[in-house]
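Reader: I've got a model open and I'd like to talk through how the chain is put together. Can you walk me through it?

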Amino acid sequence: MIKFAQPKIGKSTLTKIDKIFKTGHFVHGDFTKIFEKDLAKFFDLKNKQILTTASCTASLHLYYLCIGLKKNDEVIMSAQTHVATAHAVEICGAKPVFVDCELETGNIKIDDIERKINSKTVCICVTHFLGKPTDMNKINKIAKKYKLKVVEDTALSIGSKIENKFSGTFGDAGAFSFHPVKIITTGEGGAIIIKNRNIFQKLKSIKSFGYDIASPQDRKIPGNYNINYLGLNYRMSEMESAIGIDELKIINNKISVRKKNYHLLLSKIDKCKNFKILNTKSDKKYKSSYYALTIILKENNFLKRNKIIQILKQKNIQTSIYYPHPVPLLNYYRKKYKSKKEKFRNACKIAYNSISFPIGPHISRKNILYMSKKINELIG
Ligand SMILES: Cc1ncc(COP(=O)(O)O)c(C=O)c1O
């Protein structure tokens, strides 16, 4: 089976994990500190304000808790994102306000943002779709005009850049995912970059119950702590951090292989007439992290799309869908906000007619040639 993703753990990581088993330091150990330092170095963060978390969802939730997001507040976001982008807002009692996406890239339609802004709007949350960054200069301009905060959901796009600056470093916060299908993994896990020093300190405490001294090693009297905030347990474990340290070392290589795979597959299917290819590749201004190669079938027929996915699976090709419904049309949101599909035409086209193909480092040239042959036969 050609899998959509296939994370690998090397010897160096196994040695680290072995050490964790021997020392018994499963949390609050050195590996998490090292991983956070390495991440700060990777992103070239002078203020070193990046923290590991339990997941990208946790990162987003923590940020909104820190800024006091509450009932009647609104956060603008793309309809074509993972449900986590919206859930993190909804769980704080606030309202996600959805904007359609561009058909060409799947990124939020920036021109539609301003008309959704009102006195309740607190934040714009941008999802960098499938590796291709959104134009953050335009987003930050809008945010500045209306004094809004900006969050970058960079779950799919770690390592992507806009004019040589990393996505996730443009907004007030940038959230990352290290779930196993992502560019790099820690098993489960996430991270968050935070611009504001006070919010950074607060988030550090809140991800660990709201402790006054987050790490037990730093406490003068073992077991003695106080609580300054209402917090949760959203920490990354030592085993996850150990995996992350080694994954981060090879991130650039992983993205290069993804790019090579993307272009090889593209070159074998770009003459096909029955689908368009989502533009998630690099250009002069944007460097993509090449999450997947996504095709959008021209015929609007999601049953046919689903059938094709099933046939591909029978032919040992595992694909994915990003994402299966626009978030406002998922049952929970559709019922609550009475969302109408006519408002999200592009998101619907992508959700109901697209198929994403794997291009990760586990994919060989032979795999690409096989996939392209089947794509040509089935839907060329
Ligand atoms: C855009 C986006 N945001 C957030 C998430 C959630 O990430 P995590 O599983 O790390 O919570 C995902 C997961 O795929 C995602 O695609």
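This is a predicted model: local features need pLDDT of at least 70, side-chain atom pairs count only at pLDDT 80 or more; totals for chains, interfaces and linings use all residues.

Reader: Is Thr52 buried or exposed?
Author: Count the other C-beta atoms within 10 Å of Thr52 and you get 27. The cut-off for burial is 20 or more. So Thr52 is buried.

Reader: Zooming out, how compact is the protein chain?
Author: The secondary structure comes to twelve helices and 13 strands. The radius of gyration is 21 Å, close to the 21 Å that the globule rule gives for 380 residues, so the chain is as compact as a globular protein of that length. In terms of a box along the principal axes, the C-alpha atoms fill roughly 70 × 55 × 40 Å.

Reader: What share of contacts between residues at least 6 apart in sequence join residues at least 24 apart?
Author: For background, 49% of the 380 residues count as buried. Among the contacts you ask about, the share joining residues at least 24 apart is 70%.

Reader: Where does the largest nonpolar core lie?
Author: This core has 105 residues, and Leu62, Tyr63, Val75, Ile124, Ile192 and Leu203 touch the most other members. Helix H3 (residues 56–66) gives the most to it, with eight residues. Domain 1 (11–249) and domain 2 (252–378) both give residues to the core, so it lies between them.

Reader: Take Tyr63 from that list. What is it in contact with, beyond neighbours within four places in sequence?
Author: Tyr63 is one of the core residues that touch the most other members. Setting aside those sequence neighbours, its contacts are Val151, Ala173, Ile192 and Leu203.

Reader: How do the residues on the side of domain 1 that touches domain 2 divide?
Author: The C-alpha centres of the two domains lie 25 Å apart. Across the boundary, 28 residues of domain 1 are in contact with 29 residues of domain 2. Helix H4 (83–90) and E6 each supply at least two residues of the domain 1 side. That side divides into 13 nonpolar, nine polar and six charged.

Reader: E6 is a strand, then. Which strands are at the edges of its sheet?
Author: The open sheet has the order E7-E6-E11, with antiparallel pairing. Two bridges join E6 (residues 161–162) to E7, and Lys161 has Phe166 as its bridge partner in E7. Each edge strand pairs on one side only, and these are E7 (165–166) and E11 (286–287).

Reader: Last one: which residues of strand E13 point which way?
Author: Four bridges join E12 (residues 293–297) to E13 in an antiparallel run, with Leu293 standing opposite Phe357. In a regular strand the side chains alternate between the two faces of the sheet. In E13 (residues 354–357), where all four named residues are buried, Ser354 and Ser356 point one way, and the other way point Ile355 and Phe357.

Terms used. Residues are numbered from 1 along each chain as its sequence is written. A nonpolar core is a set of buried Ala, Val, Leu, Ile, Met, Phe, Trp, Tyr and Cys residues joined through C-beta atoms within 7 Å. A residue is buried if 20 or more other C-beta atoms lie within 10 Å of its own, exposed if 12 or fewer, and partly exposed in between; C-beta atoms are placed from the backbone. Domain bounds come from an automatic or database domain assignment. Two residues are in contact if their C-beta atoms, placed from the backbone, lie within 7 Å. The radius of gyration is taken over C-alpha atoms; the globule rule is 2.2 Å times the number of residues to the power 0.38. Two strands pair if DSSP finds at least two bridges between them. Ala, Val, Leu, Ile, Met, Phe, Trp, Tyr, Cys and Pro count as nonpolar, Asp, Glu, Lys and Arg as charged, and the others, Gly among them, as polar.
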